[in-house]
Amino acid sequence: MKIDLLFFLALLLFRISNPKSGASGFEIPNSAPPAHAQSNWKEIGQLKTRDAKDIKGSTWSIGGETLDRDYTDYQSYKTYLGPLGAKRIRLQGGWSKCEKVKGVYDFAWLDAIIPDAAARGVAPWVELSYGNPIYEGGGEAKLAGHIPTSKEGLEAWDNWVRAMVTRYKNQVPQWEIWNEPDLNPKHTGKQIAEFYVRTARIVKSIQPEAKLIALGMASITRLDFTRDFMEYLEQNNALDLIDILTFHGYRHNPDTSYPHIERLRSIVWSYKPEVVFMQGENGAPSQKKGTTVGAMTDQDWSELTQAKWDLRRMLGDHGRGIATNLFTISDIHYAAGDHMVGINSKGLLKTNPDKTIERPKLSYKAAQHVFSLFDDQIELTKNKPTTDQSTVYSFQYLHKQNKGSLITLWSGEAHPAETYEPKLTTVTVEGNFKNPVFVDLISGKVYEIPKDKFKKVGKQFIFNEITVPDYPVLIAEKSVLNF
């Protein structure tokens, strides 16, 4: 029952048209054959994907990072944005790109992005960063760069923030302040808190209704940094200036992140329980080590294992009530002078050397399935399914309107593998199923569950011999799905 890798590669080379290709003019690769015995069950349909404009609301966000340094090309990937189905996009403001001459701002590049994304049904949330070396002590314009520190540099930063918020306050509802400050060893939690409060007060003075986002932490284990940050806010009566806390924290097995996230959340909530937690940047590479840069590139990856990892991270977050920003829409071409040099292959879109788009990857279609299905009509429930496999993760959801149930299942014992022997699993759940079906979230294929594989005992449904792979699959009430 292992995936036939050669078969997968052959299918990957054969592209099929996306259902929305008539509007967007692009194709996506066919999905991998399912890695489970359910492939022998009767296939009854294919999940339909939805454009962001056709989705009323959801918590999903897609990364649009590094446009501030021209490492990706928005104009090349914008036609893929709406059909992906995410309702928000994370953008980086780019002080040094806006102000190349002291006191002179050029917002043309952002004017070509922010309104366009919104018009596609994807709301921008903008990160205010990085430094600007045209000012002495103005900080560094790169990942892990230092924040502005000099009087002149900080005043220039303040002026740019005022100009940014004034210009885009009607289009940007959320502002994130800096990115991964803990990557720079010279930064302390107190120092970043002081800089954050300074910036947040400017934003609020211009856009009182704006939501403010801290902290973009690279690490989920730097509890001391976070504690010092929150302590400063409390001591300076500034806890009202944080609405959302973002964290990143890359791990080869995404399921191992959550104990650390819970400890992080416990610290933040001890200061302000109302703070919303959001995973602000996470995704997996899609190439072999030595050919790609960035987090987790010390081992081999493929477009299949990337898709598996992304699904696990998205639905691991969703099952814990954590909003998600999937990193990222397009491969990133880091240039000399930044934190690293080379192609970061975490994009859902494979790029050409000139940063134009070659094609969507398997992860693009997998993300489409999640973004299209798990909108604001699908509600997480407190009633968790139980399984007879300790390494299988499971979460249950309810459709608000038709009250049908949906269960996510995956094996999380290790990082996603190229080939995997699925686990025969018994799933017991109290839910609403009239016509339960099985769904593969990579292929999007929907299968009829044979009558002898499930039964109802009292209020509980028992599903037998469900083979669970190392990426999320669904047991769902048929009426919940659009196929």
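Student: What makes β3 and β22 count as paired strands?

Tutor: In this predicted model, three bridges join β3 to β22 (residues 445-448), and the two run antiparallel. At least two bridges are needed for a pair, so these strands qualify. Gln 46, for instance, stands opposite Lys 445 in β22.

Student: Where does that pair sit in the sheet, and why is β3 called an edge strand?

Tutor: The sheet is open and has seven strands, ordered β3-β22-β21-β25-β19-β18-β16, with antiparallel pairing. β3 (43-46) and β16 (378-380) are the edge strands because each pairs on one side only.

Student: Which helix packs on this sheet?

Tutor: That is α11 (residues 303-318), which touches β16, β18 (392-399) and β19 (405-411). Its direction makes about 130 degrees with that of β19.

Student: Why is α3 called oblique to α12?

Tutor: Helix α3 (residues 74-84) packs against α12 at about 40 degrees, with the axes 10 Å apart. Under 35 degrees would be roughly parallel, and roughly perpendicular begins at 65, so α3 is oblique to α12.

Student: Which residues make that contact?

Tutor: From α3 come Tyr 80, Pro 83 and Leu 84, and from α12 come Tyr 364, Ala 367, Gln 368 and Phe 371. Six of these are nonpolar, one is polar and none is charged.

Conventions: Residues numbered from 1 in each chain as written. Predicted model: local features only at pLDDT ≥ 70, side-chain atom pairs only at ≥ 80, totals over all residues. Heavy atoms only, no water. Helix = DSSP H or I, 4+ residues; strand = E, 2+ residues; numbered from the N terminus. Contact = heavy atoms within 4.5 Å. Axes fitted to C-alpha atoms, helices over the stretch in contact; angles between N-to-C directions. Parallel < 35°, antiparallel > 145°, perpendicular 65-115°, else oblique. Nonpolar A, V, L, I, M, F, W, Y, C, P; charged D, E, K, R; others polar.
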